[in-house]
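Dear colleague,

Please find below the structure for your study, followed by a short account of what was found in it. I would be grateful if you kept the structure open while reading.

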Amino acid sequence: MAVEVVPRPTTKDAADDLAVELAGLDALEHPADPRPGLLRRGWSATWPKLAAVAIGLGLWQAVVLSQWRPRWALPGPADVLPLLGELVVEGDFWAAIGITMWRAASGFALAVVIGTVLGVAVARWALLRNAVGSLITGLQTMPSITWFPLAILLFKLSEGAILFVVLLGAVPSIANGLVAGVDQVPPLYVRAGRVLGARGFGLYRQVILPAALPSYVGGMKQGWAFAWRSLLAGELLVIIPGTTSIGTRLQFAREFSDTPLLIAYMLVLLVLGLLVDAVFTSADRSLRRRHGLLGAS
């Protein structure tokens, strides 16, 4: 019986085969297509938004042309958009935006501090979670407008009344986002951290909190949405003498039945909300990419 003898590959052939195999493995670590250029990626991210704006303006104009409401009650884009051009050159307009954004930023920053401390405490101590865990969720579900009668009684018509409601709107969402993130940390991470010597607060700072960061950022994003809505409701209800915010201007436009100006301010608030949302979306995508939850694109 003839035995086929397979020639043993030379050292050079073995090295070539190994190089081919390694090249194939390296290819798995990279996308099949090269990453597009900056201009192309910018256009890919921009044109859907421009298309959505165009569709929105078209639908708005179609509703106006249908005469569903009188022109004074529902003006069209041609009546509102020129007002935006007039507003952006007014110094008082930017001062009003500064007041509103300062209230939003300071209230949200304080809410992040309180919500983080509360979330860590609830996640770490089971007794505290059993005591106030469901209460935090209950506070999160309450409409912010229901807090204003109490806030006005406690703080009168002052900045404290607005800050009080902003905190009650944002803190529960931030705390719940952090608690949810801590609960989703794989136990293997915790065990590995303890093996490496992490204990107590160091374990939270070095292992648990970084692993919970994506959910934590999601909670902050939701907390910002609640804070923003609470703030605008407060500016409509709590008009502080000597300060003119965007919400106050919106209320004055309603009182004077200036519908084009009212809608212009509503569009300003929409744009401000979208800009802040873009910041949170960018941070969320960066974190997901860092944790391997988003493909390189």
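In this predicted model, helix α4 (residues 91-124) packs against helix α7 (residues 159-183) at an angle of about 40°, and their axes are 7 Å apart. Angles under 35 degrees would count as roughly parallel, and those from 65 to 115 as roughly perpendicular; α4 and α7 are therefore oblique to each other. Their crossing is right-handed. The residues in the contact of α4 with α7 comprise 20 nonpolar, 4 polar and 2 charged.

A second pair of helices may be described in the same terms. Helix α10 (residues 213-237) and helix α11 (residues 246-255) cross at roughly 50°, with axes that come within 8 Å of each other. That angle makes α10 oblique to α11. Here, too, the crossing is right-handed, as α10 passes α11.

Finally, please turn to the surface. Which residues form a nonpolar patch there? The patch consists of L110, V113, I114, V117 and L163, which together have about 400 Å² of accessible area. Helix α4 gives the most to this patch, contributing 4 residues. V113, one of the residues of the patch, lies in helix α4.

Yours sincerely

Terms used
Residues are numbered from 1 along each chain as its sequence is written. This is a predicted model: local features need pLDDT of at least 70, side-chain atom pairs count only at pLDDT 80 or more; totals for chains, interfaces and linings use all residues. Side-chain values use heavy atoms; hydrogens and water are left out. Patches are made of residues with over 30% relative accessible area and no salt bridge: like charges are joined within 9 Å, nonpolar side chains (Val, Leu, Ile, Met, Phe, Trp, Tyr) within 5 Å. Accessible areas come from the Shrake-Rupley method with a 1.4 Å probe; for residues, only the protein chains shown count as cover. A salt bridge is a side-chain nitrogen of Lys or Arg within 4 Å of a carboxyl oxygen of Asp or Glu. Helices (H or I, at least four residues) and strands (E, at least two) are DSSP runs, numbered from the N terminus. Axes are lines fitted to C-alpha atoms, for helices over the stretch in contact, and angles run from 0 to 180 degrees between N-to-C directions. Angles under 35 degrees count as roughly parallel, over 145 as roughly antiparallel, 65 to 115 as roughly perpendicular and the rest as oblique. A crossing is left-handed if the near helix is turned anticlockwise from the far one by less than a right angle, and right-handed if clockwise. Ala, Val, Leu, Ile, Met, Phe, Trp, Tyr, Cys and Pro count as nonpolar, Asp, Glu, Lys and Arg as charged, and the others, Gly among them, as polar.
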